Amino acid sequence: MKHRHRMPFGVERQANGALRFRLWAPAAHRVDLCLETATKETLLPMEKEEDGWFSLLTARAEPGALYRYRIDGDQRVPDPASRFQPRDVHGPSQVIEPEAWEWTDADWRGRPWEEAVIYELHVGSFTEIGTFAGVKQHLAELAELGITAIELMPVADFPGRRNWGYDGVLPFAPDSRYGRPEDLKDLVQSAHARGIMVFLDVVYNHFGPEGNYLHLYAPQFFTDRHHTPWGVAINFDGEDSATVRDFFIHNALYWLEEYHLDGLRFDAVHAIIDDSQPDILQDIAKSVAHGPAASRRLHMVLENEHNQARYLERDFALCPHCYVAQWNDDIHHTLHVLTTGETGGYYEDYADAPVQRLGRCLAEGFAYQGEPSRYRHGAARGEPSRELPVTAFVSFLQNHDQIGNRAMGERITRLASEESIRAAMAILLLAPSPPLLFMGQEWGATQPFLFFCDFGPELAAAVTEGRRKEFARFPEFNDADARARIPDPNDEKTFAMSCLDHAASLTEAAQAWRRFHQEMLTLRAREIVPRLRGLRPGGTDYEPLGAEALRVHWRLGDGSYLTLLANLGSKPVSGIAKPCGKLLTAVPAHRENRFSGQLPAWSVWWFLEPSS
């Protein structure tokens with residue numbers, strides 16, 4: 001089987017075998033195609049079309065050829081729709097023939113969303129070799145753990161040898177540091193062979209600060225009418241925005257069709273500013289629904305600080321109109337407050353009644369559904385989410401942001417007790433909402449995951465200074481000497497500290513953590529997942545049991561009832577009525593395997609009452 005996504009830009013093979021090169025360059029008067037070899041450059045003038053397009057049909061290039069575009073007889077630039085950059089973002093693009101790859105997963109149709117157990121990883125730091133092939137080597141152990149989906153942090157081509165991926169500038173080209181396009185395709189079909197879905201994190205809210213040449217020949221890609229944390233916004237709703245919108249719609253379709261991915265996670269969509277109707281997120285969702293999602297299961301997930309429930313709405317058959325789920329920062333923040341005691345920064349919004357907020361997250365999705373946020377100076381945050389199924393919210397105790405956006409990149413294992421972490425994970429791994437683990441979490445990894453990049457000298461200095469200034473408002477980094485201890489993002493040692501040490505997973509303590517996660521996920525797959533299909537909004541309720549304990553009750557899709565009792569404090573709670581149904585598990589394990597009305601410190605109890 002072969003997969004190709006055809007695009008109106010970039011390089012496409014025509015029926016007669018010739019290659020069509022096409023570039024949108026409305027600010028250019030002339031564009032030449034530059035074919036490069038080790039010994040010479042061949043310049044071929046491109047034909048100017050209407051609306052800022054330039055194109056050329058030629059038989060003088062073949063798959064593997066290196067090329068660039070020359071703008072107005074001067075600056076040479078890579079193809080913004082390049083499928084591969086063998087010499088990084090400033091080098092030439094390479095012609096890739098997608099149909100040269102023979103897929104072997106023709107029978108794969110994906111997995112239902114309710115089966116999702118997501119494992120987020122960074123390709124470059126997940127293994128010692130830092131490649132797609134390196135990830136492939138660990139698929140068997142992830143499947144054995146109970147993982148059903150891996151989520152790759154962004155792989156679009158970024159400048160330098162290392163980066164989180166959110167500074168990508170060529171969104172169609174997997175970064176050469178991780179391997180060639182065929183290496184990513186091999187990873188995807190190898191994952192499918194083990195029953196694992198593959199999701200990709202994509203960034204549509206900005207381009208990175210180095211290697212983006214669009215300003216030179218297509219400034220219409222950007223607008224100063226809107227502003228983002230990275231500067232001027234991408235032009236999704238102004239004059240000439242139709243081509244910009246098509247660029248990103250095709251990018252989403254490209255990853256799903258040409259790489260046979262199972263879903264996308266859209267980074268920080270609250271920073272995508274689009275006043276048009278339908279907006280770009282709705283247009284992308286519609287294009288996917290009418291395209292690749294018509295023949296197989298695909299899952300589109302948002303990160304959205306605004307908690308906009310409208311994007312997650314379902315039809316009567318519970319099919320999402322647009323997006324299947326959102327990362328639920330609220331549940332992370334409540335659990336972080338409960339396990340660590342930290343209440344600074346955005347955690348101040350969860351410092352009062354964190355158990356009440358946790359219960360609301362577990363039963364209704366968002367903790368903030370329109371209430372004022374103290375951290376945001378009283379601004380209202382969120383939309384009502386009670387009318388959504390709880391499977392529309394991805395839950396986690398750790399992810400790349402919540403670790404790496406700390407000055408020292410500490411994981412939760414450096415901030416909270418083992419018993420509190422175990423209790424929090426016993427909740428997340430068995431609750432109906434799909435859980436997400438961050439790489440190494442399953443064995444209790446303690447090494448940091450720091451912010452790292454590899455920019456050119458001038459930009460690197462500015463990034464390092466900016467990173468340290470960012471933490472100046474925190475008391476522990478008030479003075480310059482303290483800030484100087486914050487690791488330099490551009491220092492290779494910062495990256496090295498963040499690379500997973502898989503040898504650490506072999507210790508007795510690490511293996512005990514792994515067994516705990518595996519046991520919880522096995523129980524989830526056996527007792528919870530089969531009952532999630534058809535789960536409807538409502539039918540859930542929660543009740544705080546004092547300041548640190550709670551009860552949550554769900555009616556599942558098959559009519560059975562699931563009940564959680566949890567004490568997230570250091571003192572026991574007594575006088576608790578036993579729920580109906582059988583005891584599924586207790587954490588920590590209770591020697592008599594029965595509930596006596598008391599919740600010991602940091603304990604979690606799960607009960608299931610099957611439908612009659």
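Helices, taken as DSSP runs of H or I with at least four residues, and strands, runs of E with at least two, are numbered from the N terminus. With that in place, H138 sits in the loop between helix 2 (132-136) and helix 3 (139-145).

Colleagues, this is a predicted model, in which local features need pLDDT of at least 70 and side-chain atom pairs count only at pLDDT 80 or more, while totals for chains, interfaces and linings use all residues. Residues are numbered from 1 along each chain as its sequence is written, and side-chain values use heavy atoms, with hydrogens and water left out.

Let me stay with H138. Its relative accessibility is 13%, so H138 counts as buried; buried means under 20% relative accessible area, exposed over 50%, and partly exposed in between, with a 1.4 Å probe and protein chains only. Leaving aside residues up to four places away in sequence, H138 touches F126, T127 and H502, where contact means heavy atoms within 4.5 Å. T127 lies 11 residues from H138 along the chain, and their C-alpha atoms are separated by 9.0 Å.

I turn next to the helix pairs. Two packed helices are described by the angle between their axes and the distance between the axes. Axes here are lines fitted to C-alpha atoms, for helices over the stretch in contact, and angles run from 0 to 180 degrees between N-to-C directions.

The axes of helix 8 (residues 329-340) and helix 11 (residues 418-428) come within 10 Å and cross at roughly 155°. Helix 8 is therefore roughly antiparallel to helix 11; angles over 145 degrees count as roughly antiparallel, under 35 as roughly parallel, 65 to 115 as roughly perpendicular, and the rest as oblique. Helix 8 contributes I331, L335 and T339 to the contact, and helix 11 contributes S420, A424 and L428.

Helix 11 also meets helix 15 (residues 508-528): their axes come within 10 Å and cross at roughly 20°. The two are therefore roughly parallel to each other. On the helix 11 side the contact involves E418, I421, R422, M425, A426 and L428, and on the helix 15 side W513, F516, H517, M520 and R524.

Finally, the strands. Strand 12 (residues 156-157) and strand 13 run antiparallel and are joined by two bridges; strands pair if DSSP finds at least two bridges between them. A156 stands opposite P174 in strand 13. How many residues of strand 13 (residues 170-174) are buried? Five of its five are, and the strand is mostly covered.
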